[in-house]
Amino acid sequence: MVSTAVAMGSSERSKKRVQLWKKAVVQFSLCFVMGFFMGFAPGGKASFFSTNAAALNQSQFSPQPVEMLHLSTTQNDGAGNSKTSSMAETPVEVPARSRELETADILQEGENEAKLVPRRLLIVITPAGSENPAGGVLLRRLAYTLRLVPPPLLWIVVESQTDSSEASEILRKTGIMYRHLVSKENFTEAAAEMEYQRNLALSHIEHHKLSGIVHFAALSNVYDLDFFDELRDIEVFGAWPMASLSANKNKVIMEGPVCDSSQVIGWHLKKVNNETETRSPLQISGFSFNSSILWDPERWGRPSSNQDNSQNSIKFVKEVALEDESKLKGIPQEDCSRIMLWNLNIPVGKIPRYHQRPTPL
């Protein structure tokens with residue numbers, strides 16, 4: 001009897017093992033078949049689980065619009081998956097007030113873009129002269145200043161014909177839009193040479209009809225960068241006070257307009273030998289003008305644009321500016337007495353002390 005019971009127990013155990021193996025094989029077969037057919041399913045349709053996971057990640061790590069705020073709350077409440085998906089299919093309406101605010105913001109952005117005005121071209125003229133041992137140093141220093149001015153800016157540099165290529169090499173490395181003009185005329189006086197080079201640059205502007213605000217920048221000028229922003233606000237003519245620094249005399253001479261706001265009502269005039277100067281109060285670096293005066297004679301009443309103007313362009317511009325001072329605008333507009341330009345007054349042909357090389361022992 002004992003042997004019979006043992007045999008029956010072993011047979012029951014073997015039957016149970018067979019059943020477990022059958023269940024395992026059936027489950028494995030079902031999983032294999034499901035995986036096989038899921039592999040042929042279209043890739044464009046996201047599964048239920050991937051959709052929920054993506055929505056959950058998006059709600060946790062990225063800002064959501066108003067329509068999705070209610071959906072994120074429902075997913076985090078622990079509700080069933082079926083309820084969550086049905087809520088996602090029904091978007092929450094955006095209040096009318098929110099839509100009005102969005103529309104107003106879009107319209108405001110469009111108005112701001114429409115109000116954007118492009119900057120005017122600044123045409124900076126620099127006569128380099130010929131006999132200036134510190135010319136290369138001063139030209140490079142002025143280039144560093146102009147590089148800080150927002151574009152557009154055109155730098156016209158005029159120098160006398162020479163065998164040296166120093167100026168050309170400096171201009172190529174500045175990164176500034178420039179035009180390099182060479183004068184073939186010979187002069188015995190430095191002042192006459194500088195005047196001729198300025199007029200040569202104006203003839204170039206007239207010939208090519210360059211449109212912008214013209215400013216004469218001497219190599220020895222020192223600028224407040226806000227000065228160039230003020231230049232772009234000039235419509236016709238502009239003038240400003242300028243401080244001339246003299247290292248030999250150890251004093252500052254102020255020249256330029258006296259203003260009431262931006263209206264010119266008088267001039268600071270320099271005294272020579274205790275007598276007030278009678279020359280034009282417009283200093284060459286103390287005023288700017290719209291370049292169209294050079295190539296639009298009908299607008300400005302110029303007698304003829306075909307005549308040789310290589311010697312009289314600056315004189316003509318000064319005369320037109322002083323004929324009607326109502327067109328002359330003092331800058332800065334808020335406080336015309338503010339000094340934004342200094343002139344070191346370095347004589348041509350003389351090297352400043354801080355540029356001199358030490359004498360060898």
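## One disulfide in a predicted chain

By the sulfur-distance rule, the count comes to 1 disulfide. The bond joins Cys 259 and Cys 336, with the two sulfur atoms 2.3 Å apart. Please keep in mind that this is a predicted model. Below is a quick tour of the chain, starting with its overall make-up and then turning to a few local spots.

**The chain as a whole**
- The chain holds 12 helices and 14 strands.
- Of its 361 residues, 35% are buried.
- Among contacts between residues at least 6 apart in sequence, 70% join residues at least 24 apart.
- The accessible surface comes to about 23,600 Å², and carbon and sulfur atoms account for 55% of that area.

**The cysteines**
- A disulfide is a covalent bond between the sulfur atoms of two cysteines.
- Here, the Cys 259 and Cys 336 sulfur atoms lie 2.3 Å apart, which meets the 2.5 Å cut-off.
- Cys 259 sits in strand β8 (residues 251-260) and Cys 336 in the loop between β13 (328-330) and β14 (341-343), so the pair ties together parts that are 77 residues apart in sequence.
- Both Cys 259 and Cys 336 are buried.
- Cys 31, with 56% relative accessibility, counts as exposed because the cut-off for exposed is over 50%.

**Helix α6**
- Helix α6 covers residues 135-146, 12 residues in total, and reaches 16 Å from its first C-alpha to its last, close to the 16 Å expected.
- Its buried residues are Gly 135, Gly 136, Leu 138, Leu 139, Leu 142, Ala 143, Thr 145 and Leu 146.

**Ser 220, in a loop**
- Ser 220 belongs to the loop between β4 (213-216) and β5 (221-223).
- Its relative accessibility is 10%, so Ser 220 counts as buried.
- Leaving aside residues up to four places away in sequence, Ser 220 touches Arg 141, Trp 342, Asn 343, Leu 344, Asn 345 and Ile 346.

- Phe 28, Phe 32, Val 33, Phe 36, Phe 37 and Phe 40 make a nonpolar surface patch of about 740 Å².
- One of these patch residues, Phe 32, is placed in helix α1 (residues 2-39).
- Phe 32 has a relative accessible area of 55%, so this residue is exposed.
- An α-helix has 3.6 residues a turn, so residues three or four places apart point the same way.

Methods. Residues numbered from 1 in each chain as written. Predicted model: local features only at pLDDT ≥ 70, side-chain atom pairs only at ≥ 80, totals over all residues. Heavy atoms only, no water. Helix = DSSP H or I, 4+ residues; strand = E, 2+ residues; numbered from the N terminus. Buried < 20%, exposed > 50% of the residue type's maximum accessible area, 1.4 Å probe, protein only. Contact = heavy atoms within 4.5 Å. Expected span 1.5 Å × (residues − 1). Patch = residues over 30% accessible without salt bridge, like charges linked within 9 Å, V, L, I, M, F, W, Y side chains within 5 Å. Areas by Shrake-Rupley, 256 points an atom, 1.4 Å probe, with all protein chains shown as cover. Salt bridge = Lys/Arg side-chain N within 4 Å of Asp/Glu carboxyl O.
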